[in-house]
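Subject: A structure to look at

Hi there,

Here is the structure I promised to pass on. Have a look at it first, and then read on for what turned up.

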Amino acid sequence: MNILVTGGAGFIGSHTVVALAEAGFTPIIVDDFSNSRHSVLEGLEHILGDKVRYYDQNCNDAAIMRQILRDDEIVGVIHFAAFKAVEESMVDPLKYYQNNLGSLLVLLEAMQYSGVSNLIFSSSCTVYGNPDNLPVTEKTPVQPAMSVYGNTKQIGEEILRDVVAADKYMKVISLRYFNPIGAHASARIGELPLGVPNNLVPFITQTAAGMREQLTVFGNDYDTSDGTCVRDYIHVMDLAEAHVAALKSIINSESNTYDVYNVGTGRGNSVLELIRTFEEVTGTALNYVIGPRRSGDVPAVYGDVSKITNALGWTAKHNLREALEDAWRWQREI
Ligand code: UFG
């Protein structure tokens with residue numbers, strides 16, 4: 001079964017390509033490489049021992065999307081392609097609405113035109129904003145978005161819910177990711193931030209590798225166990241497997257359906273806990289300082305994942321230590 005993976009050269013997309021192929025699907029990538037590198041394809045081919053099919057195209061091109069969906073006999077789509085830099089989204093909102101929502105609309109129209117009815121959408125725990133109670137469940141109220149990026153995920157979910165309500169064939173799952181980290185155990189693919197990383201783990205591994213002088217911990221005066229922010233860090237291969245489980249369930253579903261699932265580990269770790277675990281893994285001290293808070297950060301968020309476990313039989317298999325070992329192995333390979 002051919003599965004179209006938009007943004008399949010990106011961090012989560014490339015690991016999902018591996019999980020799909022291992023599950024017996026044929027992944028076909030469409031990616032414009034605006035935030036990824038072609039070298040990802042070599043890594044994928046090494047892991048899979050086979051050529052990877054891909055289109056170097058932008059998902060906003062309706063004619064191309066229709067053509068790929070039809071000519072490649074696509075059965076389902078996993079839609080990763082989107083911009084994801086929170087700060088940039090506040091500076092250039094139109095870029096984010098145009099790309100993240102424009103491409104979703106183009107994709108949905110092309111899917112309806114081509115008779116493709118199975119879709120997995122990349123959403124985010126950012127839809128919960130700064131939650132009153134932890135862990136968050138899928139019933140936790142969605143809060144007004146704290147960034148344009150976050151708003152594109154909220155609006156994306158609403159668009160999908162409405163499209164499914166009006167289309168008796170459409171089957172869609174939105175996966176709300178917590179914080180994906182780590183890399184494939186082969187160290188052939190991993191996170192490849194272009195420029196200075198925004199996210200914690202690539203900044204840590206680059207600092208340990210000598211590419212960055214020092215990590216700044218953004219605030220230690222939050223109301224958490226050690227004062228630093230708490231997140232639910234999930235191994236990217238576990239997250240990839242969640243996509244496969246979700247895809248199988250909608251392919252097997254006979255009626256139209258829209259559902260959302262948290263995808264995390266169910267555990268929260270502070271920034272300092274993560275640093276300490278990384279130091280244990282590498283056996284070296286990380287150079288870090290405590291700095292001021294970063295605007296827009298929520299103090300703590302981690303997910304209740306019983307819904308996806310009960311419905312799809314999925315659960316995270318890797319712990320924080322394994323994820324950091326894999327991230328570090330990958331960093332040394334780059
Ligand atoms: N952090 C640091 N120093 C750094 C980078 C991050 O202390 O150099 C801290 C942050 O303050 C935060 C934690 O590490 O407490 C995790 O930060 P990340 O940037 O790795 O992840 P976020 O939780 O901020 O971001 C994630 C996703 C985004 C999404 C956001 C919404 O990566 O795509 O959640 O909450 F928008």
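Which helices and strands do the buried residues of α6 pack against? They pack against α4 (86-91), α5 (93-114), β5, β6 and β11.

Before going further, some housekeeping. This is a predicted model, in which local features need pLDDT of at least 70 and side-chain atom pairs count only at pLDDT 80 or more, while totals for chains, interfaces and linings use all residues. Residues are numbered from 1 along each chain as its sequence is written, and side-chain values use heavy atoms, with hydrogens and water left out.

A few terms will come up again. Helices (H or I, at least four residues) and strands (E, at least two) are DSSP runs, numbered from the N terminus. Buried means under 20% relative accessible area, exposed means over 50%, and partly exposed is in between (1.4 Å probe, protein chains only). Contact, or touching, means heavy atoms within 4.5 Å.

Back to helix α6, then. This helix covers residues 148-166, 19 residues that reach 27 Å from the first C-alpha to the last. That is close to the 27 Å expected at 1.5 Å a residue, where the expected span is 1.5 Å times one less than the number of residues. Among the buried residues of α6 are Tyr 149, Thr 152, Lys 153, Gly 156, Ile 159, Leu 160 and Val 164.

Next, the sheet. Seven strands form an open sheet in the order β3-β2-β1-β4-β5-β6-β11, with parallel pairing; two strands pair if DSSP finds at least two bridges between them. At the edges are β3 (53-56) and β11, each pairing on one side only. From one strand to the next, the twist averages 20°. Helix α3 (residues 62-71) packs on this sheet and touches β1, β2 (26-31), β3 and β4 (74-79). The direction of α3 makes about 155° with that of β1 (axes are lines fitted to C-alpha atoms, for helices over the stretch in contact, and angles run from 0 to 180 degrees between N-to-C directions).

Strand β5 (residues 118-124) runs parallel to β6, joined by seven bridges, and Phe 121 stands opposite Ser 174 in β6. Four bridges join β2 to β3, also in the parallel sense, with Tyr 55 in β3 as the bridge partner of Val 30. Between these two strands the chain passes through α2, and this β-α-β crossover is right-handed (with the strands pointing away from the viewer, the path from the first strand over the helix to the second runs clockwise).

Another pairing involves β8 (residues 215-218). β8 pairs with β13 (residues 288-291) in the parallel sense over four bridges, and Thr 216 has Val 289 as its bridge partner in β13. Leu 215 and Val 217 make up the covered face of β8, whereas Thr 216 and Phe 218 make up the uncovered one. In a regular strand, side chains alternate between the two faces of the sheet.

Now for the interior. A nonpolar core is a set of buried Ala, Val, Leu, Ile, Met, Phe, Trp, Tyr and Cys residues joined through side-chain atoms within 4.5 Å. The largest one has 45 residues, and those touching the most other members include Ile 3, Leu 44, Ile 120 and Val 263. Elements that each supply at least two residues of this core include β1 (2-6), α1 (11-22) and α10 (306-312), and the largest share, eleven residues, comes from α8. A second, separate core of 26 residues includes Met 65, Ile 68, Leu 108 and Ile 159.

Finally, some backbone details. Most residues other than glycine have a negative phi, and most peptide bonds are trans. Here, a cis peptide bond joins Leu 134 and Pro 135, with omega about -5°, and Pro 135 lies in the loop between β5 and α6. Phe 33, in the loop between β2 and α2, has a positive phi of about 55° and counts as buried at 10% relative accessibility. Ala 187 sits in the loop between β7 (179-181) and α7 (200-208). This alanine has a positive phi of about 60° and is buried, with a relative accessible area of 4%.

Enjoy exploring!

Best wishes
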